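Try each task yourself before you read its solution.

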Amino acid sequence: MLENTQRYRDFDTLIDVSCVAELKQLHVAETTLTIGASVTYSELEAFSKTQYPQMNALLSRIASRQIRNRGTIGGNVANASPIADLPPLLLAFDADIQLLKNDGSTRAVNISDFYLGYKKTQLASDEMIASFDVSLG
Ligand SMILES: Cc1cc2nc3c(=O)[nH]c(=O)nc-3n(C[C@H](O)[C@H](O)[C@H](O)COP(=O)(O)OP(=O)(O)OC[C@H]3O[C@@H](n4cnc5c(N)ncnc54)[C@H](O)[C@@H]3O)c2cc1C
């Protein structure tokens, strides 16, 4: 939406992935926290409230409630803005990004290798972010 509101770009096609169940996973398995790409700030904020108060404090300061209810972690990272709020958190956590290709194959990229420059990432044109893995060990 920033491309639309700030740069006045129109898009012929928009693909809304915000309700894809596989992209909404948010759980801890053993010592890994998995955050699906379509998890919203508000969902992560609620999830972190009791167990991860510092993460919760950061999330509660991002934008407004309306934006937190709609904006996703995947969109924030993929957008590759240098002023985005989530990449510093995920960099501090040394998160791995799970990338999903359109043939169903996956690859993991550490967030420290993901960004190539301003608005440039390692994402290929046939890939999307599926989730983020944070090691709690
Ligand atoms: C009023 C307003 C206030 C804002 N305040 C803040 C703020 O305080 N902090 C902040 O960091 N940001 C802020 N933003 C920016 C933006 O809302 C966030 O970055 C948000 O998290 C983007 O998520 P989205 O789901 O809306 O992504 P979109 O805008 O839908 O997508 C952003 C980009 O990511 C791509 N993308 C989305 N999902 C995926 C995926 N799963 N895999 C690969 N590519 C994907 C899209 O194709 C697009 O290029 C604000 C925006 C607005 C309009």
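## Rings and a surface patch

**Exercise 1.** Is Tyr52 buried or exposed in this predicted model?

*Solution.* Look up the relative accessibility of Tyr52, which is 18%. Buried means under 20%, so Tyr52 counts as buried.

**Exercise 2.** How many aromatic pairs does the structure hold? Work out how the rings of Phe47 and Tyr52 are arranged.

*Solution.* Start with the count: there are two aromatic pairs. For Phe47 and Tyr52, the ring centres sit 6.4 Å apart, and pairing needs centres within 6.5 Å. Next, check the angle: the planes are at 25°, and under 30 degrees counts as stacked. So Phe47 and Tyr52 make a stacked pair. Phe47 itself is partly exposed, because its relative accessibility is 24%.

**Exercise 3.** Now classify the pair formed by Phe114 and Tyr115.

*Solution.* Centre to centre, these rings are 5.2 Å apart, with 75° between the planes. Over 60 degrees counts as edge-to-face, and that's the label for Phe114 and Tyr115. Then compare their cover: Phe114 has 0% relative accessibility, so it counts as buried, while Tyr115, at 25%, counts as partly exposed.

**Exercise 4.** Which residues form a nonpolar patch on the surface, and where does Val20 lie?

*Solution.* The patch is made of Ile15, Val17 and Val20, and together they have about 260 Å² of accessible area. Val20 lies in the loop between helix 1 (2-7) and strand 1 (26-29). With a relative accessible area of 33%, Val20 is partly exposed.

Key
Residues numbered from 1 in each chain as written. Predicted model: local features only at pLDDT ≥ 70, side-chain atom pairs only at ≥ 80, totals over all residues. Heavy atoms only, no water. Phe/Tyr/Trp six-rings, centres within 6.5 Å; stacked < 30°, edge-to-face > 60°. Buried < 20%, exposed > 50% of the residue type's maximum accessible area, 1.4 Å probe, protein only. Patch = residues over 30% accessible without salt bridge, like charges linked within 9 Å, V, L, I, M, F, W, Y side chains within 5 Å. Areas by Shrake-Rupley, 256 points an atom, 1.4 Å probe, with all protein chains shown as cover. Salt bridge = Lys/Arg side-chain N within 4 Å of Asp/Glu carboxyl O. Helix = DSSP H or I, 4+ residues; strand = E, 2+ residues; numbered from the N terminus.
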